[in-house]
Amino acid sequence: MNPFINLGIRHDIVNAISELGFENPTPIQEQSIPVLLTGSNDFVGLAQTGTGKTAAFGLPLLELLDFEENHPQALVLCPTRELCLQITNDLKNYAKNMNNVHVVAVYGGASISDQLRQIKRGVQIVVATPGRMLDIINRKAIDFSQVQYVVLDEADEMLNMGFQEDIDNILSTTPDEKKTWLFSATMPAEVRRIAKKYMENPFELTMGEKNTGNANIEHEYYVIRARDKYAAFKRIVDFNPEIFGIVFCRTKIETQEIAESLIKDGYNADSLHGDLSQQQRDKVMKRYRERSLQLLIATDVAARGIDVNDVTHVINYSLPDEIENYTHRSGRTARAGKTGVSISIINSKEFGKIRQIERVIGKKFVKAEIPTGFDVCEKQLFALIHKVHNVEVNEQQIEQYIPRIMNEFADLSKEDLIKRFASLEFNRFLDYYKNAPDLNAPADDRLGREREGGDRFAREGARGDFTRLFINLGSVDGFSRGDLLGYICNTSKISGKVVGKIDVKGVYSFFEVPHSDVATVQEGFKGADFQGRDVRIEISGDGVSTNRSGGRREGGYRGGNREGGFRGGDRREGGFRGGDRREGGSNSGGGFRGGEKREGGGFRDFSGKRREDRGERKKRF
Ligand code: AMP
C-alpha cells in the first residue's frame, strides 16, 4: 500500500502527489502528518527548508478543511513572495483531484485588486506574506473569524525580516481556538517567544539535532588571499563542470559585479538582488529554474524562499554577516533527500567565523584546496569525454556529411582518432591552465591563524599590501606587542584592526600597516616623544613587508612550482568557458550572443582559437 495512505491521506490526494514523484514520505512528513491530522494540536516543527515541510502541513490541511464551505479556514504566513507562490502552487497541485478547493496567494509587488477579487469569490486557504495580508485586513476585505489553522512557515525568516508586529496584528483577527503550526529552520529566542505566545502545549518535532543543518550537505571552505577570490571562485566552478549553483554575495553591488564579470568571462550566470523589478526577478528565476542559467548570483534577501531542486552547490562568495543566514543559504542545496555542497571562500581573517558557523550548524567543515590548473584540465577533459559519449546524434542532419568525414579520417585508426579528439580539447585546457598559479593561501598563514585564531590574526592575516615600519622603541622600554599596538594607535590615530604583524625587539620593533596608512602613521608620530626621547618611525628595508606577496609582485614567488611558475605581475585569470555554456544575462550588463561580445581574458571561442587577454577587464576584486 502507498505509505501516504498508511499515514491517513486519502486516495485522490495520494494520486496527485504520486504524479509529483512523492513515493515515500520524507521524515518530517512521516512524523508530523499523523499528529497534524488529529487537528487538535498546536505544533512546532524545527526543520530546514527542502525537507518536505510544505506537504507536511499542506496534506493535513487538505484533509481537515471543509471545502463545501467557501470562507477562509486556513491561513499560511510565509516570509517572501517566492515562497508564497511556491506554497500556493504546491497546495493546488496536491489538491488537483479534489473539488472546490480554492487557494489564494496574497503577496506584495503584484496587483492587489486581483487578489481581492479572488478572495471575494471565496477561498478556504490563504497563503500570504505578512505586509500585504495586513493591508487587506485593514481594508476589511477578508474575514478570518472562522479560521481554524494558522501555519507560520519559515518563522525565523519572518522575524528576521521584521514581521513580528504584522504577525501579531494578523493573528489578532483570528479566533483564539485556532490551532497554530509553526515551522522554522532555526529556533532563536524570538521564535521561542512567539511559540510561547501563540501556542498551548505544542507538539514539538525536531528533525535531526536542534539547529543542525541538513545531514546531506557537505560544508567545505577554501582559504585564499582576498585579492585572489574571484580567480579562486572561477577555478572551483571550472573544477565542477556540471555545477548548478547559487552564489551568495553580501551586497547588491557585489552581486552585480560578480555576475557581470562571469558573463564577460563566458559563464552562464545572472544576478538576483533587491534592485531588480519584480518582472526582472521573475525572469531570472525562470531562466534559473529552466537551467538556462548555471549560476545564480544572489543576495540573502533576494534568495529567500527560493525553492529549486537539484542545486548542486551553494557558494558563499562572501560569508553572511548574520551567522544564522548560513543555514538558510546552505539549505538551498540538498533538497528532497539529495546531496549538495556548501562552499565558503574565505581569507585567513575569516577563519574564526567558520568555527562559529560550525557551532551553529553542529557540523564540521572540511578544509579543501583550490584545485590546481592541472586538476581542472583533467576534470574538464573527462566531463567532455562523457558528453561526447552521451551526445544525441542528429542522424538526419549529419548523414549528408558522413562520407566526407569518413574520407578525411580514412588514414586514422580508432585509437588515433580518439586521441586527436581528446587532444583538441585537452591541449586547449592545458594551454589555458599551464601557468595557473596556486591560489591557496600559503600554508603558514592558514596554520598560524587556525592555531591562534581570533583577533590577533584578524590583524596579521592577509599581509598582502603591508609596509613594514621600524620604531625605535622595544621591550627594554616596557612594551609588549599589545602595549605597542595601543601606543601606535593612540599616537597615529589609526585603527588597531589595520595593524599587521608586530615584532617587538629589545630597543626597537617592527610593525606592519597597509601601504595606504603609512603617511598617516608618519604624520601622527611627527614630534612624538616617549619619556623624553624622540620617537623615530622609518620604513624598514625596501619598504615592502617581508611577506610573500611582496616577493610575488616581483614575479619570483612560486617560480618552482609544477605549473611552471607565476608569470609575474598580474595574476588575473581570464574566463575558461567554451561556447556551449554561454547565455547572456538579462540584467547584468546585457545579453550577448556567441563569442563576440566577451572581453574576459584568455578564453576560447568555438573554434578553439585562443583569444588573448586584452586586459580590458578591470580587476575589481
Ligand atoms: P519543501 O521543503 O516543502 O520546500 O520541499 C522540498 C522539495 O521536496 C519540493 O520540491 C517538493 O516537491 C519535494 N518533496 C516533498 N515531499 C516529497 C516526497 N515525499 N517525495 C519526494 N519529493 C518530495
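Visitor: Let's begin with strand S3: which residues point the other way from Val-103 and Ala-105?
Guide: Strand S3 spans residues 103–106; strands (E, at least two residues) and helices (H or I, at least four) are DSSP runs, numbered from the N terminus. Val-103 and Ala-105 point one way, and the residues on both sides are buried, meaning under 20% relative accessible area, with exposed being over 50% and partly exposed in between (1.4 Å probe, protein chains only). Pointing the other way are Val-104 and Val-106.

Visitor: Before we go on, what kind of model is this?
Guide: Residues are numbered from 1 along each chain as its sequence is written, and side-chain values use heavy atoms, with hydrogens and water left out. Local features need pLDDT of at least 70, side-chain atom pairs count only at pLDDT 80 or more, and totals for chains, interfaces and linings use all residues, for this is a predicted model.

Visitor: Thanks! In strand S4, what is the bridge partner of Val-104?
Guide: S3 and S4 (residues 125–128) run parallel and are joined by 4 bridges; two strands pair if DSSP finds at least two bridges between them. In S4, the partner of Val-104 is Val-126.

Visitor: Which residue in S12 stands opposite Val-247?
Guide: Val-247 belongs to strand S9 (residues 245–248), where Val-247 and Gly-245 point one way, Ile-246 and Phe-248 the other, and all are buried. S9 pairs with strand S12 (residues 313–316) in the parallel sense over 4 bridges. Opposite Val-247 stands Ile-315.

Visitor: Which residue in S11 stands opposite Gly-245?
Guide: S11 (residues 295–298) runs parallel to S9, and 4 bridges join them. Opposite Gly-245 we find Leu-295.

Visitor: Is Glu-154 buried or exposed?
Guide: Glu-154 sits in the loop between strand S5 (149–152) and helix H8 (155–160). Its phi is positive, about 50°, although Glu-154 is not a glycine. Because its relative accessible area is 4%, Glu-154 counts as buried.

Visitor: What is the phi of Arg-291?
Guide: Arg-291 lies in the loop between helix H13 (278–289) and S11. Its relative accessibility is 44%, so Arg-291 counts as partly exposed. Although Arg-291 is not a glycine, its phi is positive, at about 70°.

Visitor: Now for the ligand: how many residues surround it?
Guide: A residue is near a molecule if one of its heavy atoms lies within 4 Å of it. The closest residues are Asn-24, Gln-29, Gly-52, Thr-54 and Asn-309. Counting the whole shell, the number is 16.

Visitor: How many of the shell residues are charged?
Guide: Here Ala, Val, Leu, Ile, Met, Phe, Trp, Tyr, Cys and Pro count as nonpolar, Asp, Glu, Lys and Arg as charged, and the others, Gly among them, as polar. The shell has 4 nonpolar and 9 polar residues. For charged residues, the count is 3.

Visitor: How much of the ligand's area does the protein bury?
Guide: First come the polar contacts, pairs of N or O atoms within 3.5 Å: a polar side-chain atom of Gln-29 lies 2.8 Å from a ligand nitrogen, and a backbone N or O atom of Gly-52 lies 2.8 Å from a ligand oxygen. A side-chain N or O atom of Asn-309 is 3.0 Å from an oxygen atom of the ligand. Taken alone, the ligand exposes 490 Å² (Shrake-Rupley method, 1.4 Å probe). Of that area, the protein buries 85%.

Notes: Polar contact = N/O pair within 3.5 Å; in protein donor to acceptor, adjacent residues only side chain to side chain.
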